[in-house]
Amino acid sequence: MTERLRDIVTGELTLDYFVRRSAEGWRMASIEWVREGSSATATPRVPDKLVEASVPYGLRVAENGLNLEENPLESTVLLLILDQIVQEKRISEIAFQLNQRGYLTRDGSPWSPTAVFNLMPRLIEAGPALLKSAAWQERRHTH
């Protein structure tokens, strides 16, 4: 038997909301969008900070605004982190190396062990594609 639940969300959706529902055994079946009034001339633009926060690290919004594409700088950072993990470096050493090479986080801050640690789920997600990439193959041959 399938249970259905319809939430009417009046505030801002947060990641905690989705994590909590998932932990309760729910899975998303649909999303419905509504807004007051309508304007055929203007579609509200999503603020860049909001878009940036929802785009997985290593990707960026394409020029057409509809797709995601590889972000070369962030992909390089992911490859460097992966390489350091393979060399069994500590997270603090990885953050130090990123800073030594002049890389900054997405918000322009120096890398900290926490910032590197927070990228681990994304690294796991992107790992298979990174390991198959030409950049990784080239990196492995130089070591």
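In the predicted model, Asn 99 is partly exposed, its relative accessible area being 29%. This residue belongs to helix α4. Its C-alpha atom lies 9.6 Å from that of Ser 109, a residue 10 positions away along the chain.

The protein chain has 143 residues, of which 24% are classed as buried. Its secondary structure consists of 7 helices and 2 strands. Read from the N terminus, the order of elements is α-α-β-β-α-α-α-α-α.

One cavity of 30 Å³ or more was found in the structure. The space in the largest cavity amounts to about 40 Å³. Its lining is made up of Leu 80, Ile 81, Gln 84, Ile 94, Gln 97, Leu 98 and Arg 101. Helices α3 (72-86) and α4 (91-100) are the elements that contribute two or more residues to this lining. Sorted by class, the lining residues of the largest cavity comprise 4 nonpolar, 2 polar and 1 charged.

The loop between α3 and α4 contains Glu 88. This residue is not a glycine, yet its phi is positive, at about 60°. Most residues other than glycine have a negative phi. Glu 88 is classed as exposed, with 72% relative accessibility.

Three salt bridges were counted, that is, 3 under the criterion applied. In one of them, Glu 74 pairs with Arg 106, with 2.8 Å between the closest N and O atoms. Because Glu 74 is part of helix α3 while Arg 106 sits in the loop between α4 and α5 (113-118), this pair ties together parts of the chain that are 32 residues apart in sequence. The two partners fall into separate accessibility classes: Glu 74 is buried, at 7% relative accessibility, whereas Arg 106 is partly exposed, at 27%. With the cut-off for burial set at under 20% relative accessible area, the value of 7% places Glu 74 in the buried class.

Another salt bridge joins the side chains of Arg 60 and Glu 69, with an N to O distance of 2.9 Å. Both residues are partly exposed, the relative accessibility being 36% for Arg 60 and 30% for Glu 69.

A further salt bridge is formed by the side chains of Glu 125 and Arg 122, at 2.8 Å from N to O. Both residues lie in helix α6 (residues 120-132), and they are separated by about one helical turn because they are 3 residues apart. Glu 125 is exposed, with 54% relative accessibility. Arg 122, by contrast, is buried, with 16%. The value for Glu 125 is over the 50% that marks the exposed class, and that for Arg 122 is under the 20% that marks the buried class.

On the surface, a nonpolar patch is formed by Val 9, Leu 13, Leu 15, Phe 18, Val 19, Met 28, Ile 31 and Trp 33. The accessible area of these residues together is about 890 Å². Leu 13, one of the patch residues, is located in the segment before α1 (15-23). With a relative accessible area of 44%, Leu 13 is partly exposed. Membership of a patch requires over 30% relative accessible area, and the 44% of Leu 13 is over that cut-off.

The segment before α1 also includes Arg 4. Arg 4 is exposed, at 71% relative accessibility. Between the C-alpha atoms of Arg 4 and Arg 27 the distance is 9.7 Å, the two residues being 23 apart along the chain.

Note on methods: Residues are numbered from 1 along each chain as its sequence is written. This is a predicted model: local features need pLDDT of at least 70, side-chain atom pairs count only at pLDDT 80 or more; totals for chains, interfaces and linings use all residues. Side-chain values use heavy atoms; hydrogens and water are left out. On a 1 Å grid over the protein atoms alone, a cavity is a set of points where a 1.4 Å probe fits but cannot get out, and a pocket is an open set with protein on both sides within 12 Å along at least five of seven lines; lining residues have an atom within 4 Å of a point. Grid points are joined across faces, edges and corners, and a volume is the space filled by probe spheres set on the points. Helices (H or I, at least four residues) and strands (E, at least two) are DSSP runs, numbered from the N terminus. Ala, Val, Leu, Ile, Met, Phe, Trp, Tyr, Cys and Pro count as nonpolar, Asp, Glu, Lys and Arg as charged, and the others, Gly among them, as polar. Patches are made of residues with over 30% relative accessible area and no salt bridge: like charges are joined within 9 Å, nonpolar side chains (Val, Leu, Ile, Met, Phe, Trp, Tyr) within 5 Å. Accessible areas come from the Shrake-Rupley method with a 1.4 Å probe; for residues, only the protein chains shown count as cover. A salt bridge is a side-chain nitrogen of Lys or Arg within 4 Å of a carboxyl oxygen of Asp or Glu. Buried means under 20% relative accessible area, exposed over 50%, partly exposed in between (1.4 Å probe, protein chains only).
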